[in-house]
Amino acid sequence: MKNILFRTGLFLRRTYRTQAIIFIVIGCLIVLSLITFGAMYVVAQPASTSSERLAVKTPNLGRHFQEFGREGSILIYDSKNNRFYEHNPQRNATAIAPASTFKIFNALVALETGVILDDVAVLTWDGIHREVNAWNHDTNLRQAFKDSTVWFYQVLARRAGYERMQQFINKVGYGNRQIGTAADIDRFWLQQQILQITPKEQIKFLQRLYQSDLPFSQRTINLVKDIMVREQTPDYTLRGKTGWLTTIKPNIGWFVGYLEQNKNVYFFATTLDMDTAEDAPARIEITRRSLKDLGLLAQIN
C-alpha cells in the first residue's frame with residue numbers, strides 16, 4: 001500500500017511540474033505577444049495622430065470654386081514642409097492638354113536652340129487679325145508670354161522643328177511626351193488628343209525649373225524664370241502662366257506657377273471649367289485666395 005501511495009504521489013508531482021512548465025511557457029508567450037502588440041501600437045499611434053492634426057489644419061480650398069460657381073481643381077505644394085494642399089484630387093491626377101502653359105517649355109526650347117536670341121528680340125506680325133487685340137502687332141518673347149500670344153509661340157515651335165522639340169520633350173519627360181506628327185508642330189499643345197499633362201506633373205516640372213534641374217543652360221532657365229514673374233514685392237515673388245484649352249467642352253482654364261515667400265517656395269496648379277472670357281480671371285483669383293488661406297501673399301510686418 002505504501003509503495004502504491006508513493007508512486008501515485010510521484011506521478012502527481014511530475015504531472016503538476018509538467019503543467020506548471022506548460023503554464024509558464026504559455027504565460028511567457030502571452031506576455032511577449034502583449035509587448036509586441038504594444039510596441040506596434042506605440043509606433044502606429046503618432047502617425048495617426050499626426051494625420052489627424054494635418055487634416056484639421058488643411059483649409060477648405062473647395063469653397064473658392066463654390067463662390068465662383070465653377071468646377072475645377074487646385075494643388076499647392078509647400079516645398080519646405082513637403083506638404084500638399086488640394087481640392088479635387090481625382091482631377092489633379094487627370095491629364096489634359098497644357099494649352100498656353102506650354103509657353104514655359106516652348107520658351108525654354110526656343111532660347112536653347114537659338115531660334116530666338118533673347119527675350120526682347122522681335123518677331124513681325126503676319127497681319128492676320130485674331131480675336132485678341134493684344135496679339136495683332138509685332139512683339140517679343142517677354143511681351144508675347146504676358147499676352148499669351150499664340151501665333152508668336154507657334155512660329156517658335158515651327159522654327160525649333162519637330163525632331164528637336166520631341167527630343168527635348170523626351171529628355172524632360174514632359175506629360176505624356178506626345179507631340180503628334182510633324183504637321184502638328186505648331187498646335188500639339190492646344191489639342192486635347194495629343195500632348196497631355198496632369199496638374200501633379202505640372203508641379204513636378206515647375207519644381208525642376210526652379211531647381212534648374214532641366215536639360216537647358218542656366219542662361220535659358222534664368223531668362224524664362226524672369227519672364228514668368230507676374231508680381232514682385234519686397235515680401236514675395238509670384239511667377240506663373242495661364243492657359244485656356246478650347247478644344248473640349250467645357251473649356252478648361254489653367255494657372256500654374258510658384259510663389260517665393262518666407263524663405264520657402266509654394267508650387268501651384270489650378271484648373272477651372274470655363275464657358276466665356278468672363279470666367280478667365282477666376283483662375284487667378286481662386287489661386288490667390290487659396291494661397292492667402294495658407295497665410296501667403298499678405299504684407300509681412
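Q: Let's start with a charged pair: which residue forms a salt bridge with Arg208?

A: Happy to begin there. Side chains of opposite charge can pair when their charged atoms come close. Here the partner of Arg208 is Asp213, with 3.6 Å between the closest N and O atoms. A salt bridge is counted when a side-chain nitrogen of Lys or Arg lies within 4 Å of a carboxyl oxygen of Asp or Glu. This is a predicted model, in which local features need pLDDT of at least 70 and side-chain atom pairs pLDDT 80 or more, while totals for chains, interfaces and linings use all residues. Residues are numbered from 1 along each chain as its sequence is written, and side-chain values use heavy atoms, leaving out hydrogens and water.

Q: Is Asp213 buried or partly exposed?

A: Relative accessible area decides this: buried is under 20%, exposed over 50%, and partly exposed in between (1.4 Å probe, protein chains only). Asp213 is partly exposed at 41%, and Arg208 is partly exposed too, at 24%.

Q: How many salt bridges does the structure hold?

A: There are 15. Among them is Arg158 with Asp186, whose closest N and O atoms are 2.8 Å apart. Arg158 lies in helix 6 and Asp186 in the loop between helix 7 and helix 8 (199–210), so this pair ties together parts 28 residues apart in sequence. Arg158 is partly exposed at 45%, whereas Asp186 is buried at 14%.

Q: Which residues are linked in a network of salt bridges?

A: Arg158, Asp184, Asp186 and Arg187 are. Within this group, Arg187 also meets Asp184, at 3.7 Å from N to O. Arg187 is partly exposed at 32%, while Asp184 is buried at 15%.

Q: Why is helix 6 described as largely enclosed?

A: Helices (H or I, at least four residues) and strands (E, at least two) are DSSP runs, numbered from the N terminus. Helix 6 spans residues 150–160, and nine of its eleven residues are buried, so the rest of the structure largely encloses it. The buried ones are Val150, Trp151, Phe152, Tyr153, Gln154, Val155, Leu156, Ala157 and Ala160.

Q: What covers the buried residues of helix 6?

A: The cover includes helix 4 (103–113), helix 5 (141–147), helix 7 (162–172) and helix 9 (218–227), together with strand 3 (122–123) and strand 4 (139–140). Contact means heavy atoms within 4.5 Å.

Q: Which residue follows helix 6?

A: Gly161 does, and its phi is positive, near 90°.
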